[in-house]
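Hi,

Here is the structure I said I would pass on.

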There are 2 protein chains.
Amino acid sequence: MAAAAMTIHLNAFLMGVGHHEAAWRHPRTDENSVLDVGHFQNLGRIAERGKLDSVFFADGLAVGANVARNTPSVFEPITLLSAIATVTEHVGLIATASTSYNTPFTLARAFASLDHISAGRAGWNIVTSAGADEAANFGLDGIPEHHVRYARADEFVRVALQLWDSWEPGSLVLDTATGRFADPDKVHRINHEGELFRVRGPLNVPRSPQGRPLLVQAGSSDAGKDFAARYAEAVFTAQRTLTDGTRFYRDLKGRLARYGRSRDELKILPGIVAFLGSTQAEADALEREFTELISPDYALRQLSNMLGIDVTRHDLDTPLPPLGDVTVIEGNKSRFQLVKDLAEREQLTVRELIGKLGGGRGHRSFTGTPEALADDIERWVTAGAADGFNIMPPYLPGGLEVFVDHVVPILRRRGLFRTEYGGDTLRANYGLPEHQGGTGAFVSTAGTP
Amino acid sequence: MAAAAMTIHLNAFLMGVGHHEAAWRHPRTDENSVLDVGHFQNLGRIAERGKLDSVFFADGLAVGANVARNTPSVFEPITLLSAIATVTEHVGLIATASTSYNTPFTLARAFASLDHISAGRAGWNIVTSAGADEAANFGLDGIPEHHVRYARADEFVRVALQLWDSWEPGSLVLDTATGRFADPDKVHRINHEGELFRVRGPLNVPRSPQGRPLLVQAGSSDAGKDFAARYAEAVFTAQRTLTDGTRFYRDLKGRLARYGRSRDELKILPGIVAFLGSTQAEADALEREFTELISPDYALRQLSNMLGIDVTRHDLDTPLPPLGDVTVIEGNKSRFQLVKDLAEREQLTVRELIGKLGGGRGHRSFTGTPEALADDIERWVTAGAADGFNIMPPYLPGGLEVFVDHVVPILRRRGLFRTEYGGDTLRANYGLPEHQGGTGAFVSTAGTP
């Protein structure tokens, strides 16, 4: 049973034609695929061929700072995953959506709909949207403060959880003889009256196959980790070293008990961008090809966004000036800290820094053979730094295919990864218990509609 | 060319397992299909087999008043249409969405995404959401007033139009050699600062195949007709008599010139619920089977909703008391007027009234043979009451199949309906010019991001 205990989880984090910011320019991709739904359906099929737990789309509610060079995503994730759902059967479908710029009823409903469409494979990556460009598209003059965003996220999620449970298990009767469509005693108003939201309910979608989507989160600030410990079932995280990864893992798992949860109820998946080749030299050469395609002007804008500081006119061949303390940052705190650590620890010039960041916007990158990547994955899992990985192919579909066809078989031979899907839902893929509804603080006490 | 001038447009208005409120109880339907995405994909395929212009889903943002007896829709329309898009190639895909309970950026983006996923087949049925149950799910104590809803709808649509045009034709360059992803001179901020919305833009989705979705509307109040005359390209409407239909058609077409539009730029499609049989007697018997399955308690609640008056305790075998004037109604004015006219003109008892309304919530119903329905359709089109019809099958999929297989061929033989799809987009199906962008009041004058 030792092998079973070590079984890992793998999510394919998909973005356009690859995570590398210059992927669309490389001959291994077809740049026209950025707007081709068939390309994304194909990625879903490849992930399913590899028996991966899930595919995942990030999201931002504004075009990037430099649309002349790239734009990270063009489809809205929930509609895109609905299209992918129709050509797959097992792989989970995780969409990012913002608690700052949606309303609980509408978003809870969209995920319930996706969970029905996919027969129980929907997941929600909960984000609070730290960008000023995003705020400007929703009538705000600046980014809401970090603690304000998290307070809204907390109430938002509590409302959504109640809405998903507003149709109890067994509430849909469909008895044609008596004309009883649903049992009104099992369909509840939630009558939520909070600081930010007033929502009566019930949801206008009957209970979905999973009861509610898998809840995913990625924040690494203190507030983010507490939020994850309270609600998340999977966490995607950027950890560049085994030391950082182990510390983050221990920290987050340690917080679960405060919320009455066990360590197994949340899976931690660090991101990894892998340039793979049949030899180290081949992998190194491939990575170099991508690095050489980076447009410095685009990379400097991306770097400015990550730091919340304009560095677009900075000399490429000198290091950044000392960066301030993370406590004063109102944007994405964890990304700021990661870039600061990288720049200061390795004393990188800006050119070196943007090269290291180009593959995955700060996520760890790996360059080598499939065997070496499998070793690396096993090392992280064994060391207690990960329950699995968030696979971020630098180019698509090729980078996902090489992972599925050359790394996954090695992981299987070592007993680290499944050979078949075991259950019917995304929650089952992650080895989590099915949601039964009406538990804990979310019991609906209100009357029927 | 006389036949070509008379060519009609047909939309399949789909709802669960049929428009009749008791459809789910009838042996011709499978009640479990209400939650089966495959059922809805099949309906899309059937409509496409018949070369219909489009399929359409209504929507409400609350469960109905009597969930024990029925709930009209369970999927969110945009996600559902995304799933249907993947199994069809030509049929248009029209989703209802509310301007009262969405934000322009998010909704514009979802439709742009659906238009990409469907390769140019997205349509938006614009509604202002007149229900009190809906208001309660979004923090409001009551229904916003009619003129307030329409003022919001107007500004909402103006913002959405600007967002869809924020990426000009040709803005996406994808030149791998130079690294030019998009032309920043063709991607614009909209800098909208209105009464209700402040939105900077540009949209975070490159220009979609149609430029923007087909715009559809269904309001029949004075404000509704002006709104339609200004923005809509198709109008779904409930007209019970040829006299009413002709008057509505003349009125609405007559308003187009005020907005600089020609009569051909808006297609009017009255709804029709058809019980079809190979003889009149067979059709009558079929309709009776459905009427007998109506639950009076449910029907009385539906009637109360349409009137905005509680009639649930009214005696079934006496007529309604005189109804007030439509001008005091803040809810759905056109539906109120229609029920009032029907009840008063025909001096119906409540039992008779709910029987007449059961098939299509007030839309006209027809009971007879396919030949007679084709005659009826031709009569309305010839009389200048319709550019086509909004087909509302009382039961699904059978009611759509019989229309496609037995009525459509007759319409074709008469030269009234297409034999093949002529263009690639929903706008082409409706014989409308493709949207070129940046026209009229919606030219973007702002700078680049």
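B:E265 forms a salt bridge with B:R261, with the closest N and O atoms 3.8 Å apart; the term stands for a side-chain nitrogen of Lys or Arg within 4 Å of a carboxyl oxygen of Asp or Glu. B:R261, at a relative accessible area of 13%, is buried. Over in chain A, salt bridges with shared partners link A:D222, A:K225, A:D226, A:D251, A:R255 and A:R258 into one network.

Some housekeeping before the rest. This is a predicted model, where local features need pLDDT of at least 70 and side-chain atom pairs count only at pLDDT 80 or more, while totals for chains, interfaces and linings use all residues. Residues are numbered from 1 along each chain as its sequence is written, chains are lettered from A and ligands numbered from 1 in the order in which they are written, and side-chain values use heavy atoms, with hydrogens and water left out.

On confidence: pLDDT is the predictor's confidence in each residue, from 0 to 100. Chain A averages 91, and 95% of the residues score at least 70. The stretch to treat separately is 439-449 of chain A, where pLDDT stays under 50 and the model has 23 contacts beyond four places in sequence (contact means heavy atoms within 4.5 Å). For the complex, the predictor gives an ipTM of 0.93 and a pTM of 0.93.

Now the interface. Chain B puts 68 residues into the contact and chain A puts in 68 residues. About 5,800 Å² is buried between the two chains, with carbon and sulfur atoms giving 61% of that area; buried area here is the accessible area (1.4 Å probe) that two parts lose on being put together, summed over both. In chain B, the residues that lose the most area to chain A are B:R109, B:F181 and B:R198, together 11% of what that side buries.

What about polar pairing across the interface? There are 37 residue pairs in polar contact between chain B and chain A, both residues at pLDDT 80 or more. A polar contact is a pair of N or O atoms within 3.5 Å; within protein, one must be able to donate a hydrogen and the other to accept it, and residues adjacent in sequence count only if both atoms are side-chain atoms. The side of chain B that touches chain A draws at least two residues from each of several elements, including α2 (37-49), α4 (104-117) and β6 (180-182). Helices (H or I, at least four residues) and strands (E, at least two) are DSSP runs, numbered from the N terminus. The largest share of that side, seven residues, comes from α4(B). The rule also finds six salt bridges across the interface of chain B and chain A, and B:D141 and A:R198 meet in a salt bridge at 2.5 Å, N to O.

Within the chains, I would look at two more pairs. The whole structure has 58 salt bridges over all chains. A:R418 and A:D53 meet in a salt bridge at 3.0 Å, N to O. A:R418 lies in the loop between α14 (398-413) and α15 (426-429) of chain A and A:D53 in the loop between α2 (37-49) and β2 (54-57), so this pair ties together parts that are 365 residues apart in sequence. Both A:R418 and A:D53 are buried. In chain B, B:R207 and B:D165 form a salt bridge at 3.4 Å, N to O, and B:R207 and B:D165 are both buried.

Finally, some backbone details. The peptide bond from A:G201 to A:P202 is cis, with omega near -5°, and A:P202 is in the loop between β8 (198-199) and β9 (214-217) of chain A. In chain B, the peptide bond from B:G201 to B:P202 is also cis, with omega near -5°. B:K51 is not a glycine, yet has a positive phi of about 60°; B:K51 sits in the loop between α2 and β2 (54-57) of chain B. B:N191 has a positive phi too, near 45°, and is partly exposed at a relative accessible area of 39%.

Cheers

Note on methods: Buried < 20%, exposed > 50% of the residue type's maximum accessible area, 1.4 Å probe, protein only.
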